[in-house]
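Hi,

Here is the structure I said I'd pass on.

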Amino acid sequence: MPKIKLTKTELKTQQDALKQFRRFLPTLQLKKQQLQLEIRGSIERLEGNITEYKMALDSLQSWVALFGDPAAAERLSKVVQLTRVISETWNIAGVEVPAFKDAEFVIRDFDPYIEEPWFVEAVEIIKELIMLIEGGKLIKEQHRLLREELMTTTQRVNLFEKVKVPEARENIRRIRIFLSDVDTSSVVRSKIAKKKSEEVRAV
C-alpha cells in the first residue's frame, strides 16, 4: 500500500475518492451484466446463423446429383461471385460492433429465362449460403469484441471492488486514528501545560 499523508486534507481526498469509486462501481457492474447477456445473445445469433446455413445447404442437396456433372458444377461456381459485403455498426452495451446488412454479387453469363430451373434455384441458394457465411463472420467478430470489453470491464470491477474501495477505506481509517491520537495528545499536553501553569502561579 502506498504511503499516504496523515492529514485532514488527505482524509478529504480519500473520502472523495471513496465516494467516486462507490458511484462508478454500480455502473461498471451493470455494464458487466449487460455484456454477459449480449455475449449469450451473440452465441444464440451464431447458432441461428449455423442452423440457417445447414438448412440452406440441405435444400441444395436435391441438386447434388446434378452437381455430379463436373461441367455444371464448375460453371455454377463461376456464375456467383461476391463483390461486396455491406455492414453496419451496432452499439451493444457501449461497444461498437459490425453487423451484416447485405451483400452484392455479380452473376456472370447467366440468363434465368433460358437456364434450367434447377440452375436458377441453385444460384439463389448459393447466394444465400455466401451471405450466411459472411454474416457468421461478423457475428464472430461481435462476439470477440464483446468478450474483450467484458474482460476489460471485469478487470475494472475487480480493481474497484478488491483494491480501490478497500484501500480508500483503510486509508481513511488510518488517517482518522492518527488525527484522533493527535487530538488526544494535544488535549493531554494542554492539560499538562495548564496544570504546570497553575502550579507556577501557586508558588
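This is a predicted model: local features need pLDDT of at least 70, side-chain atom pairs count only at pLDDT 80 or more; totals for chains, interfaces and linings use all residues.

Residues are numbered from 1 along each chain as its sequence is written, and side-chain values use heavy atoms, with hydrogens and water left out.

The count comes to eight salt bridges (a side-chain nitrogen of Lys or Arg within 4 Å of a carboxyl oxygen of Asp or Glu). One of them joins Glu104 to Arg84, with the closest N and O atoms 3.3 Å apart. That pair links distant parts of the chain, 20 residues apart: Glu104 sits in strand β2 (residues 95–107) and Arg84 in strand β1 (residues 80–92). Strands here are DSSP runs of E, at least two residues, and helices are runs of H or I, at least four, numbered from the N terminus.

In helix α4, Glu134 and Lys137 are three residues apart, about one turn, and their side chains form a salt bridge at 3.2 Å, N to O. Glu134 is buried at 15% relative accessible area, while Lys137 is partly exposed at 48% (buried is under 20%, exposed over 50%, partly exposed in between; 1.4 Å probe, protein chains only). Glu141, Arg144 and Glu148 are linked in a salt-bridge network.

Finally, Gln142 is also in helix α4 (residues 117–202), and is buried, with 2% relative accessible area. Among the residues Gln142 touches are Trp90 and Val97 (heavy atoms within 4.5 Å).

Cheers

Notes
Lists of a residue's contacts leave out its neighbours within four places in sequence.
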